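I opened my notebook to look up a few things in this structure. My entries follow in the order I made them.

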Amino acid sequence: MHLHVSPSELLIGMLVVLAAVALLAEKIKIAYPILLVLAGCAMGIVPAFHPTLRIQVNPETVFFVFLPPLLYYGALLTTWRDFKANINQISSLAVGLVLATMVVVAVIAMAVIPGMSWPAAFLLGAIVSPPDAVAATAVLSKLKVPKRVVTILEGESLVNDATALVAYKTALGAIVAGSFSLAQASGGIFVAAVGGIAIGLIAAWLIAKLMSIVEVPAVESVLALLVPFAAFIPADKLGASGVLAAVAAGVYMGRKLPSLGSPQQRIRTLAVWDSLVFLLNGIIFILIGLELYFVVQSGQRAMSLHSLLLGAACVAAGCILVRIFWVFPAVYLPRLIPTVRKTPLPPWQEVTIVSWAGMRGIVTLAAALAIPIEVPQRDVILFISFFVILATLVGQGLTFAPLIKILRLQLNDDLEH
């Protein structure tokens, strides 16, 4: 017997699951993204449901509906002073580590996955390279973690998505065109970054001007919700980085927010954003779980489940290990250079937490689903990407609490800045 579920009924059901799981997560002190992914997996594998729960997730929907507001909201709440104080660590993680992860994953994929080509391997590396701050901060928010750690992880996420998506488009272009130019790719990254930031600042400035003129609370709230889309969509259509456009708009609006509207209006707007971001996060993590059943079925048409699991486990292990081996040297090796300005060393326990916070999420999901059907080994890349999301989100997410207890991490906010 199969249940026939309409899209509207499914959406209502997902909201019910979201509310119930979030409440349960609060009670048992586990981050809600972990439980939502597991709930989605459970719904997807129930035989009575899965024929009617096949959701064709449109990558454009993920990129244009989910990604801009989530990135924007993170930037909106980022303290620019804290971001600048940790800019070296953030840049190392958001650019250097993303590119290093892409290379390491490509090498692993070539070694363990039969028939994998170098362009496809680099494409896979770009997809799984950026950790998701939404997942990391949701996990860490339930734990006692120094503010500096959260600042670094949130700052990393504001830039690493742009690095990964530019690398992703470059690798995809190499597969389609059959050639690759490092000089052209480097120039494209620079133009996309500068153009995205410029467009984001212009969009935010224009809407801030409108909000200062309009004195109707409802209209002000609508304008505030439009900012990330007004930045992301034009930048993306013009070939610039929509991710950096949304981030730049969020940083600008975060600094302008105290002077926009009345205190009551600002409280109302932030409350709307809190609810919207919670709903978007919840739905996307449930969708990850729901899609897993069908990703497994597709992957098995390409190769055996044993080969798929072996390749996916090796890639996931590579993603976790490369972050650990990157973070510690990046923190401690520069201190050996005499000309480098000496700053207090962070406790090794904090460095350990940052090295373990490599959970993947929405960007990996969106990039994997956006691979064109004609790309060779698309199903294999999709399977491995979903496996990495689950392995890092559930595996690493559930181990944070015991890890922090083992490390006896001390809060010392006096040394944060």
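**Entry 1: a loop residue**

I started with Gln 377, which is partly exposed, with a relative accessible area of 22%. Buried would need under 20%. I keep in mind that this is a predicted model.

Where does Gln 377 sit? I found Gln 377 in the loop between helix 15 and helix 16. I then checked its backbone. Phi of Gln 377 is near 60 degrees. That is a positive value in a residue other than glycine.

I looked up helix 15, residues 362–369. How many of its residues are buried? I noted 8 of 8, so I call the helix mostly covered, with buried meaning under 20% relative accessible area. I wrote down the names: Ile 362, Val 363, Thr 364, Leu 365, Ala 366, Ala 367, Ala 368 and Leu 369 are the buried residues of helix 15.

Next I turned to helix 16, which covers residues 378–407. I picked Leu 398, which is found in this helix. Is Leu 398 buried or partly exposed? Leu 398 has a relative accessible area of 41%, so I put it down as partly exposed.

Leu 398 and Ala 31 are 367 residues apart in sequence. In space, their C-alpha atoms are 8.4 Å apart.

Then I looked at how helix 16 meets helix 13. Their axes come within 9 Å and cross at roughly 55 degrees. Because of that angle, helix 13 is oblique to helix 16. I noted the crossing of helix 13 and helix 16 as right-handed.

**Entry 2: salt bridges**

How many salt bridges does the structure hold? I counted 3. I went through them one by one.

Arg 148 pairs with Glu 350 in a salt bridge. The closest N and O atoms of this pair are 2.9 Å apart. The two residues come from distant parts of the chain, 202 residues apart. Arg 148 is in helix 8 (residues 147–177), and Glu 350 is in helix 14 (residues 348–356). Both Arg 148 and Glu 350 are buried.

Arg 323 pairs with Glu 156. I read 2.9 Å between the closest N and O atoms of this salt bridge. Arg 323 lies in helix 13 (residues 305–332), while Glu 156 lies in helix 8. These two are 167 residues apart, so I noted another link between distant parts of the chain. Are the two residues buried or exposed? Arg 323 counts as buried because its relative accessibility is 3%. Glu 156 is buried too, with a relative accessible area of 2%.

Asp 236 pairs with Lys 169. Here the closest N and O atoms are 3.7 Å apart. At 25% relative accessibility, Asp 236 counts as partly exposed.

**Entry 3: another residue of helix 8**

I stayed with helix 8 and looked up Leu 172, which lies there. With a relative accessible area of 15%, Leu 172 is buried. Which residue did I check against it? I checked Val 375, which is 203 residues from Leu 172 in sequence. Their C-alpha atoms are 8.6 Å apart in space.

**Entry 4: helix 10 and its partner**

I came back to helix 10, residues 217–237. I set it beside helix 11, residues 242–256. The two axes come within 8 Å and cross at roughly 150 degrees. Angles over 145 degrees count as roughly antiparallel, so helix 10 is roughly antiparallel to helix 11. Helix 10 passes helix 11 in a right-handed crossing.

**Entry 5: a surface patch**

Last, I looked at the surface. Which residues form a nonpolar patch there? I listed Leu 11, Leu 15, Phe 278 and Leu 279. Together they have about 300 Å² of accessible area. Helix 1 (7–28) and helix 12 (263–302) are the elements that give two or more residues to this patch.

I took one member for a closer look. Leu 279 is found in helix 12. Leu 279 counts as partly exposed because its relative accessibility is 36%.

Notes
Residues numbered from 1 in each chain as written. Predicted model: local features only at pLDDT ≥ 70, side-chain atom pairs only at ≥ 80, totals over all residues. Heavy atoms only, no water. Patch = residues over 30% accessible without salt bridge, like charges linked within 9 Å, V, L, I, M, F, W, Y side chains within 5 Å. Areas by Shrake-Rupley, 256 points an atom, 1.4 Å probe, with all protein chains shown as cover. Salt bridge = Lys/Arg side-chain N within 4 Å of Asp/Glu carboxyl O. Helix = DSSP H or I, 4+ residues; strand = E, 2+ residues; numbered from the N terminus. Buried < 20%, exposed > 50% of the residue type's maximum accessible area, 1.4 Å probe, protein only. Axes fitted to C-alpha atoms, helices over the stretch in contact; angles between N-to-C directions. Parallel < 35°, antiparallel > 145°, perpendicular 65-115°, else oblique. Left-handed = near helix turned anticlockwise from the far one by under 90°.
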